[in-house]
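Visitor: I'm new to reading protein structures. Could you walk me through this one, feature by feature?

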Amino acid sequence: MSADRTPVEEMRTLRGLVEIPSPSGAEAEAGAFLATRMAALGYDVRTDAVGNVIGETGDPAGPVIMMVGHLDTVPGTLPVRESGGLLFGRGTVDAKGPLATMVHAGARAAASGCGRVVVVGAVEEEAASRGARHLAATLDAPDALLIGEPSGAGAVVVGYRGVLRFHYDVRRPPAHTSSPAERAVELAGDLWQTVRTLLPPAPEGAPLFDHASPALLALDGGLTHARAEISCRIPRGFDTARFLDEVRAHGAGGEITVAERVPAVRTGRGTPLVRAFAGAVRRRTGAVSVKVKLGTSDMNILAPHWDVPALAYGPGDSRLDHTDEEHIPVAEYLLAVDVLAEALPDIARSLARPARVAGPDPEERRP
């Protein structure tokens, strides 16, 4: 079958994915649908041990461009409907729209020659990135990495802050409320205030991407036992070990348990990958915006592990992530497919190594 697809086929893939609920840990049905669609588009498809759906197409001798989107969504379903040129439903933006974009763009570009294209529908990105961590442990590094996240069809994301998430558990002996004895819940609250002091707000007008910001996710307990869950978004170069030492010193009466630690990532604007991609966006849309984001994605897991240039791209407005108004403009989705299909050959050319020119035989140069 031809890799050139009509909007009907592109919408069939997107809507089919969105209509299948797939909260983290329950992606199997959506994964089976994705595998079927990818096979119909000419991919060689397999599903790995954790449920990642992996499709490969194109020239195996060319540079490898890996595109990783995620199958899972946050919990909660939304009615799937199309109205006024918009497709509503859980995952339209985060991130089944970007994943479907990669599937169709990869098939189209492979037919015109752009090296080896690997498209992955990863599992549990919204949880602890189980799918991405398994990819890192089991696959060789590609030559370039694209992450399927909403950037808007006319923009590209080159960086994400990292995250440090930890729990603080503290216990104290029973005591009457009239006594001056320390209470567990007060100590947990004090530790949160300490974290806020250690990580003050960024100065007005300063780039938030370059500053750490804490969030109190939960505070539970009472007089004898309390637990605080704290998440800190962290910039590049953040000294995580030193910060944790300072937090432990202030919370010496309790126990700190790190639940998640992921570094910040950023790809330089002048790298061949970004230049090639930005050029394709500009040709299709007339302008390009290069962004960094304050959250995290599977790019934070995979790019540092493989030490490869990476960026994120996909249709949709990330401000709609996880909301009850999640929707994607159909025209933007189709435009993003066109942009990415045009960008992939440019990226492959930017990655190609020049052929070695053979010099004279050393023996012939000897007198």
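Guide: Gladly! Let's start with pockets. This is a predicted model, and its largest pocket holds about 680 Å³ of space.

Visitor: Which residues lie nearest the centre of the largest pocket?

Guide: Of the 28 lining residues, Glu126, Arg233, Gly295, Thr296 and His322 lie nearest the centre. The elements that each give two or more residues to this lining are β9 (162-171), β11 (225-234), β12 (254-262) and α8 (299-306). Sorted by class, the lining has ten charged, nine polar and nine nonpolar residues.

Visitor: What is the volume of the second largest pocket, and how does its lining divide?

Guide: Its volume is about 180 Å³. Thirteen residues line the second largest pocket, and Leu199, Pro200, Pro201, Ser213 and Pro214 lie nearest its centre. By class, the lining has nine nonpolar, two polar and two charged residues.

Visitor: How many cavities of 30 Å³ or more does the structure hold?

Guide: There is one. The largest cavity has a volume of about 50 Å³. Its lining is made up of Pro173, Ala175, His176, Thr177, Ser179, Ala181, Glu182, Arg183 and Leu223. Four of these lining residues are nonpolar, three are polar and two are charged.

Visitor: Let's move to strands. In which sense do β10 and β11 pair, parallel or antiparallel?

Guide: They pair in the antiparallel sense, over eight bridges. To see this on the model, find leucine 219, which stands opposite alanine 228 in β11. A hairpin of three residues joins β10 to β11.

Visitor: Is glycine 222, in the loop between those strands, buried or partly exposed?

Guide: Glycine 222 has a relative accessible area of 24%, so it counts as partly exposed. Glycine 222 touches Ala184 and Val185, leaving aside residues up to four places away in sequence. Compare sequence with space, too: glycine 222 and arginine 172 are 50 residues apart along the chain, and their C-alpha atoms are separated by 9.7 Å.

Visitor: What should I know about nonpolar cores?

Guide: In soluble globular proteins, nonpolar side chains tend to be buried together. Here the largest nonpolar core has 55 residues, and Leu146, Phe277 and Ile347 have the most contacts inside it. Helix α9 (residues 330-351) gives the most to this core, with 13 residues. A second, separate core has 25 residues, including Val120, Ala122, Met299 and Val308.

Visitor: Which residues does leucine 146 touch?

Guide: Leaving out residues up to four places away in sequence, its partners include Ile65, Met66, Val68, Met102, Phe277, Leu340 and Ile347.

Visitor: What about the backbone? Which angles deserve a look?

Guide: Most residues other than glycine have a negative phi, and most peptide bonds are trans. In this model, a cis peptide bond joins aspartate 94 and alanine 95, with omega at about 0°. Alanine 95 sits in the loop between β5 (86-88) and α3 (96-112).

Visitor: Which phi value does aspartate 307 have, and where is this residue found?

Guide: Its phi is near 55°, a positive value in a residue other than glycine. Aspartate 307 belongs to the loop between α8 and β15 (310-313). Its relative accessibility is 69%, so it counts as exposed.

Visitor: And where is histidine 322 found?

Guide: Look in the loop between β15 and β16 (327-329). Histidine 322 has a positive phi, near 70°, and at 42% relative accessibility it counts as partly exposed.

Terms used. Residues are numbered from 1 along each chain as its sequence is written. This is a predicted model: local features need pLDDT of at least 70, side-chain atom pairs count only at pLDDT 80 or more; totals for chains, interfaces and linings use all residues. Side-chain values use heavy atoms; hydrogens and water are left out. On a 1 Å grid over the protein atoms alone, a cavity is a set of points where a 1.4 Å probe fits but cannot get out, and a pocket is an open set with protein on both sides within 12 Å along at least five of seven lines; lining residues have an atom within 4 Å of a point. Grid points are joined across faces, edges and corners, and a volume is the space filled by probe spheres set on the points. Helices (H or I, at least four residues) and strands (E, at least two) are DSSP runs, numbered from the N terminus. Ala, Val, Leu, Ile, Met, Phe, Trp, Tyr, Cys and Pro count as nonpolar, Asp, Glu, Lys and Arg as charged, and the others, Gly among them, as polar. Two strands pair if DSSP finds at least two bridges between them. A nonpolar core is a set of buried Ala, Val, Leu, Ile, Met, Phe, Trp, Tyr and Cys residues joined through side-chain atoms within 4.5 Å. Buried means under 20% relative accessible area, exposed over 50%, partly exposed in between (1.4 Å probe, protein chains only). Contact means heavy atoms within 4.5 Å.
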